Amino acid sequence: MPQYLLTMYQPDGDPPPPEVLGPMMEKIAAWRQDLQAAGAWVFTGGLHSASTATVVRSQHGDVVMTDGPFAEGKEHMGGFTVISVADLDAALEWGRQIAEISTLPCEVWPLRSGEGGPRSSQAGQADARSSQADLGSTDGG
């Protein structure tokens with residue numbers, strides 16, 4: 001069955017106060033239980049604040065490490081869930097539910113994979129070759 005990545009974006013700064021965050025987290029836990037009961041849940045991960053991220057980049061044969069997230073912004077990925085569902089419409093429905101519960105934006109991404117993924121392994125291999133060719137044509141900085 002195809003897998004999808006649901007990414008949650010949250011604003012930088014302090015979390016909501018306990019009287020707001022507590023009920024929201026209870027609803028998120030119930031949403032996750034629904035995912036598990038449906039056999040759709042694969043993995044969930046929450047992230048530390050964006051200030052703890054490190055970007056590791058290869059430039060001209062050297063590895064350069066930079067503190068902070070790759071993209072600058074006022075919101076960053078706060079967590080993600082990988083789900084396995086029949087199609088994009090089902091993934092979008094799970095994304096809609098978590099966006100409504102959390103009031104945060106949720107991106108829904110189909111994952112590339114071999115057997116059972118949203119793309120055939122042959123198409124995935126062609127995409128990988130194309131991506132590698134595209135990466136080889138950049139100057140890295």
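1. Start with the largest pocket, which holds about 750 Å³ of space. Some terms first. On a 1 Å grid over the protein atoms alone, a pocket is an open set of points with protein on both sides within 12 Å along at least five of seven lines. Lining residues have an atom within 4 Å of a point. Volume is the space filled by probe spheres set on the points, with grid points joined across faces, edges and corners.

2. A word on the basis of these values. This is a predicted model, where local features need pLDDT of at least 70, side-chain atom pairs count only at pLDDT 80 or more, and totals for chains, interfaces and linings use all residues. Residues are numbered from 1 along each chain as its sequence is written, and side-chain values use heavy atoms, leaving out hydrogens and water.

3. Back to the largest pocket. It is lined by 33 residues, and the closest to its centre are Q10, M25, G78, G79 and L104. Two or more lining residues come from each of β1 (3-11), α1, β2 (41-46), β5 (75-84) and α2. Helix α1 gives the most, with seven residues.

4. The overall fold. The protein chain has three helices and six strands. Helices (H or I, at least four residues) and strands (E, at least two) are DSSP runs, numbered from the N terminus. Along the sequence the pattern reads β-α-β-β-β-β-α-β-α. The chain has 141 residues, and 21% of them are buried. Buried means under 20% relative accessible area, exposed over 50%, and partly exposed in between (1.4 Å probe, protein chains only).

5. Which residues form the edge-to-face pair described here? Two aromatic pairs turn up in a search of the whole structure. In one of them, W31 and W94 have ring centres 6.2 Å apart and planes at 75°, so the pair is edge-to-face. W31 sits in helix α1 (residues 18-37) and W94 in helix α2 (residues 88-102), so the contact ties together parts 63 residues apart in sequence. Both W31 and W94 are buried. For the cut-offs: rings of Phe, Tyr and Trp (its six-membered ring) pair if their centres lie within 6.5 Å, and planes over 60 degrees apart count as edge-to-face, under 30 as stacked, and the rest as tilted.

6. Salt bridges come next. The whole structure has two (a side-chain nitrogen of Lys or Arg within 4 Å of a carboxyl oxygen of Asp or Glu). R96 meets E93 at 2.5 Å, N to O. R96 also bridges to E100, with the closest N and O atoms 2.8 Å apart.

7. R96 is partly exposed at 38% relative accessibility, and E93 is partly exposed at 32%. E100 is exposed at 55%.

8. Last, the surface. V56, V63 and M65 make a nonpolar patch of about 340 Å². M65 is in strand β4 (residues 62-67). M65 is exposed, with a relative accessible area of 62%. Patch residues have over 30% relative accessible area and no salt bridge; nonpolar side chains (Val, Leu, Ile, Met, Phe, Trp, Tyr) are joined within 5 Å, like charges within 9 Å. Areas come from the Shrake-Rupley method with a 1.4 Å probe, and for residues only the protein chains shown count as cover.

Note on methods: On a 1 Å grid over the protein atoms alone, a cavity is a set of points where a 1.4 Å probe fits but cannot get out, and a pocket is an open set with protein on both sides within 12 Å along at least five of seven lines; lining residues have an atom within 4 Å of a point.
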